[in-house]
Amino acid sequence: MRYDGMTVLITGGAGGFGRSAAPMFAAEGAKLVLTDFNAEGLEEHAASLREKGAEVATLAGSVDDEAHCEETVKLALDTFGRLDVAINNAGMGHAPGRTHEIDSEWARKTIDINLMGTFYGMKHQLPAMMEAKQKHDRAGCILNVSSLAGIGGAPTIGMYSAAKHGVIGLTKSAALEYVRYGIRINAVCPAFARTPIVTEGMMAGTDGGKAAEDHLTRGIPMRRLAEPDEITQAWLFICDPKNSFMTGQAIAVDGGTSAM
Ligand SMILES: NC(=O)c1ccc[n+]([C@@H]2O[C@H](COP(=O)([O-])OP(=O)(O)OC[C@H]3O[C@@H](n4cnc5c(N)ncnc54)[C@H](O)[C@@H]3O)[C@@H](O)[C@H]2O)c1
């Protein structure tokens, strides 16, 4: 098993990609620390994972709260004694609009959650991983969830795009800063996937049917939404300890979109 004995922390672990990834890592031997600001969804998901034999610790809170991010790392160390992989996944979009139409408060919130949330996470995950390298010669790994909107312009979601570009800048800078501590740091850039951020967010106001999906995915060569597992399979590959030479990358999982 690829993650045997390792502790994997996933933010936004109650829904979407985080929900899909948790059982996949557990099946590969990982112990899980899951966080989310949806406390009820988090506990319901953790209970169903425990029923299947997974070891799971949870902490409800928001990633734009630095104290919560610090507590999360402490929870991993106190519960499982180590933190091997951290996936900074929690994120959200904002109501669509051209730049002059975006509500300033939501613009700030978008930066706080997507970018500052990733920064707060890394700020507290990195010292634990540096210590693990120094004391136990263990390699750490951080995966930040950016977006296709983080590698190109995304009309009507400009502040989300700005935040996700920021995530990539932070990822690449930190990858260089911590390479000598054996910590690999990468970002993943999904295109539209069938998770609530899309089905309840971007497709809100449509009937959610094939025509709405076709319209949303008209710029994707594969002409369809990704299923969540198609994105999280890539997470398992990127964070796999055997994938030991990959760092500082922003990896698109986008049905071919960025190849155009
Ligand atoms: N689904 C897509 O098409 C897509 C595409 C590109 C990037 N992404 C990114 O992938 C990540 C996960 O998105 P998803 O599709 O699973 O979305 P989702 O809305 O389905 O799930 C996100 C999860 O994060 C939680 N969350 C949101 N804000 C939080 C906060 N401030 N603190 C703690 N938890 C919070 C939510 O409660 C939810 O459980 C996000 O960063 C998103 O921007 C998604």
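**View 1. Who sits around the ligand.** Asp 36, Asn 89, Tyr 160, Ala 193 and Thr 195 come nearest among the 28 residues around the ligand, where "near" takes a heavy atom within 4 Å. Keep in mind that this is a predicted model: local features need pLDDT of at least 70, side-chain atom pairs count only at 80 or more, and totals for chains, interfaces and linings use all residues. Numbering runs from 1 along each chain as its sequence is written, and side-chain values use heavy atoms, with hydrogens and water left out. Sorted by class, the shell holds 15 nonpolar, 11 polar and 2 charged residues.

View 2. Asn 89 brings a backbone N or O atom to 2.7 Å from a ligand oxygen. Lys 164 uses an N or O atom of its side chain, 2.8 Å from a ligand oxygen. For Val 63, a backbone N or O atom lies 3.1 Å from a ligand nitrogen. Taken alone, the ligand exposes 830 Å², and the protein buries 93% of that (Shrake-Rupley method, 1.4 Å probe).

**View 3. Between two domains.** Domain 1 (7-190 + 228-245) and domain 2 (194-225) both give residues to the shell, so the ligand lies between them. Helix α6 gives the most, with 3 residues.

**View 4. A closer look at Ser 20.** This residue is part of helix α1, residues 16-27 (a helix is a DSSP run of H or I, at least four residues). Ser 20 counts as buried because its relative accessibility is 11%, and buried means under 20%. Beyond its neighbours within four places in sequence, Ser 20 is in contact with Pro 228, Asp 229 and Thr 232 (heavy atoms within 4.5 Å).

Definitions and conventions
Helices (H or I, at least four residues) and strands (E, at least two) are DSSP runs, numbered from the N terminus. Buried means under 20% relative accessible area, exposed over 50%, partly exposed in between (1.4 Å probe, protein chains only). A polar contact is a pair of N or O atoms within 3.5 Å; within protein, one must be able to donate a hydrogen and the other to accept it, and residues adjacent in sequence count only if both atoms are side-chain atoms. Ala, Val, Leu, Ile, Met, Phe, Trp, Tyr, Cys and Pro count as nonpolar, Asp, Glu, Lys and Arg as charged, and the others, Gly among them, as polar. Domain bounds come from an automatic or database domain assignment.
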